[in-house]
Number of protein chains: 2
Amino acid sequence: MWSNCLLKTLSRRHSTSFRASDLAVHLTHTPKTMPHLDQSLIFGKNTTDHLFWVDWDFEKGWHTPQIVPFQPLVLDPCSSCFHYGTECLEGLKAYKTATGKTLLFRPDLNIQRLRKSARALALPDFDGAELLQCIRKLVDVDKKWVPDKKGYSMYIRPTMIGTHQQLGVTKPGSAKLFVVSALVGPYFPTGFNPVNLYCDETRIRAWPGGVGDKKIGGNYGPGIAYTAEINKLGYQQLLWLVKGNVTEVGTMNFFMLWKNKEGETELITPPLDGTILEGVTRDSILELTREWNEFKVTERAFSIHELTQAAEEGRIIEAFGAGTACIVCPVQKIFFKGVDYEIPMKLGKSGLLTKRLLDHILSIQYGEIEHPWSYKVDYN
Amino acid sequence: MWSNCLLKTLSRRHSTSFRASDLAVHLTHTPKTMPHLDQSLIFGKNTTDHLFWVDWDFEKGWHTPQIVPFQPLVLDPCSSCFHYGTECLEGLKAYKTATGKTLLFRPDLNIQRLRKSARALALPDFDGAELLQCIRKLVDVDKKWVPDKKGYSMYIRPTMIGTHQQLGVTKPGSAKLFVVSALVGPYFPTGFNPVNLYCDETRIRAWPGGVGDKKIGGNYGPGIAYTAEINKLGYQQLLWLVKGNVTEVGTMNFFMLWKNKEGETELITPPLDGTILEGVTRDSILELTREWNEFKVTERAFSIHELTQAAEEGRIIEAFGAGTACIVCPVQKIFFKGVDYEIPMKLGKSGLLTKRLLDHILSIQYGEIEHPWSYKVDYN
């Protein structure tokens, strides 16, 4: 079953791409001390011993890809990534199975999305299968950083930045693709910690005709400042609207299980209309629940008023955010126009479906269930 | 008249700001060779000998501000500026007068806007008057790079980036404010070079409730890719719409001189409604033309249909973009829904007002007219 068949989906060859077969590996002579696997781990702070990088420029195309000791980036202060938001990113994780295998979860989707994001910023394209092989090698080199304790994992952050050294707003003439990794703990170390959402229709994250569906730096910075404001009011995340329709929660996709007006039990999530991120976890939840075939599963635009009306009529069963960092994150309360709408949580700190999805996806990620979404890192 | 009275507008003191009086100046031992002042200068490529920088972190606040030899930035690859678009920028110029004085043009407006942009990204605030004094010192140190040839100038790029070294989407815990400069030539070395605009209502730059009025990196990256597409069709810049209303042209504000429906001669530009940049050149044009009092000057939302109808009825007199790089940039043609609308240009390559504004603003910038907008750099 560990067939690595995902490669097929990435196999379109580029005449101009770096090649994993050219990868130069320079190992560190001063490996870091592994931190303790406990609750003090800060997300993304404990970087591993190595990073991957490859440069591109307009004249030479892609240079030689390299794995090097973890080190700072040295960049001209005129590099376009500092000025014009020419930066895109991904986030995925490596997991250790009970039998000591190292797995990635659907890395093909992250790599496809990185290429889409890069195109939206006029950054160079590459062969996704080659990047996957490079990431595989990076994880293998740093495999001691993939913890053998369920809930812990290695977070992997592929990033591409414009390094063009002139101040004009022009197509980047050079770029750097790099991948850093960090040891991360469970998102909810002491069980679910549900979030309260603040919905403010005057603050807009993304809009039709924009780039809200791309994973690019500019989609995140302004949200940080907004979120800091509502944190002071006791809310953890924003529920983002577009033209009154629910789109995302914080930096996650949004799901709601409810009795719809027809009385059907329905899992509903906003559609991929260009204003929301094409989440890997979102896609996984849709595929799994459609396979289970126990309730209606719908992707369609729905308004905050449909949501608040359903809350008032007691039709909401549960609601949650979905993303790589937490997998699923239960929603406890939604503030809108002066009212806090309570969302039921059958299990106290989450709904039944939220917990079931967490457990099921974790068991795929940690290899307890063999599944085509798992990509095997180990070479033997 | 060189009273430096602009400082007053920046004089609000911060309990936590770096201070120009603490500025440490480390001069280069290897000054660069000045490039020739000719048409081969690429915008922003010929950086000067020094840069200004000052670090901030959550624990210590602002560190000691420094002027140092021009050098690369050395940053952890997990710095938030590479991932979450935590970056904002400004652009202004230093000019040499015929009598050898060095002037800045309305630097107070740029610094106020930088502070606004920083707040929108949860980056730290500072005392604008202190930054102005630091920039003044930087320009003074590099004053050989302010060319004594009209049309040439030193472009100054203040930038602030998040340098926080963890991968969570959180408020930056550290930041760097830096200022780089470069020798630049005239935007139109051989006289005006008018642009053709492509108007595509499906591509949206900014949106009400968003951050289109902030000068932050994320507002630029996606436009680069769109612009590269329309360049292939023979158009230089995009005319951006919001809900059918004209907003910006490329990275400039948009102005049109027309006979309005009431038969009045009117200079019209979109209002500061949060979707357009609060341009320093825009503000200067509005103030100057209102002072001239020769035609109606209006800031109001107007639609692309009003514009195309006026073009069809022969009521457009001229149109231009406005920004620091070019001051004004004549518009020759606007493509919308399959039609190229020709914009008149009385002087062949521009309209009369466009040329008059260019000449007038240049004569203020180069000190031929004494004006309160000029800020004197020289200490004696």
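This text walks through the interface between chain A and chain B. The model is a predicted one.

Start with who touches whom. On one side, 63 residues of chain B are in contact. They meet 62 residues of chain A.

Next comes area. The size of an interface is often given as the accessible area lost when the parts come together. Here, the area buried between chain B and chain A is about 4,700 Å². Carbon and sulfur atoms give 68% of that area. Look now at chain B. The residues that lose the most area to chain A are B:Phe82, B:Trp207 and B:Ile224. Together they make up 14% of what that side buries.

What about charges and polar atoms? Across the interface of chain B and chain A, the rule finds 0 salt bridges. Polar contacts are there, however: 21 residue pairs, both residues at pLDDT 80 or more.

Which parts of chain B build its side of the interface? Several elements of chain B each supply at least two residues. Among them are the strands β10 (153-162) and β11 (174-184). The helices α1 (107-120) and α3 (221-231) of chain B also belong to this group. α3(B) gives the most, with 6 residues. Sort the side of chain B that touches chain A by class, and you get 36 nonpolar, 19 polar and 8 charged residues.

Finally, find the strands that pair across the two chains. Strand β6 of chain A covers residues 73-75. This strand pairs with β6(B) in the antiparallel sense, over 3 bridges. Pick out A:Val74 in the structure. Its bridge partner in β6(B) is B:Val74.

Notes
Residues are numbered from 1 along each chain as its sequence is written. Chains are lettered from A and ligands numbered from 1 in the order in which they are written. This is a predicted model: local features need pLDDT of at least 70, side-chain atom pairs count only at pLDDT 80 or more; totals for chains, interfaces and linings use all residues. Side-chain values use heavy atoms; hydrogens and water are left out. Contact means heavy atoms within 4.5 Å. Buried area is the accessible area (1.4 Å probe) that two parts lose on being put together, summed over both. A salt bridge is a side-chain nitrogen of Lys or Arg within 4 Å of a carboxyl oxygen of Asp or Glu. A polar contact is a pair of N or O atoms within 3.5 Å; within protein, one must be able to donate a hydrogen and the other to accept it, and residues adjacent in sequence count only if both atoms are side-chain atoms. Helices (H or I, at least four residues) and strands (E, at least two) are DSSP runs, numbered from the N terminus. Ala, Val, Leu, Ile, Met, Phe, Trp, Tyr, Cys and Pro count as nonpolar, Asp, Glu, Lys and Arg as charged, and the others, Gly among them, as polar. Two strands pair if DSSP finds at least two bridges between them.
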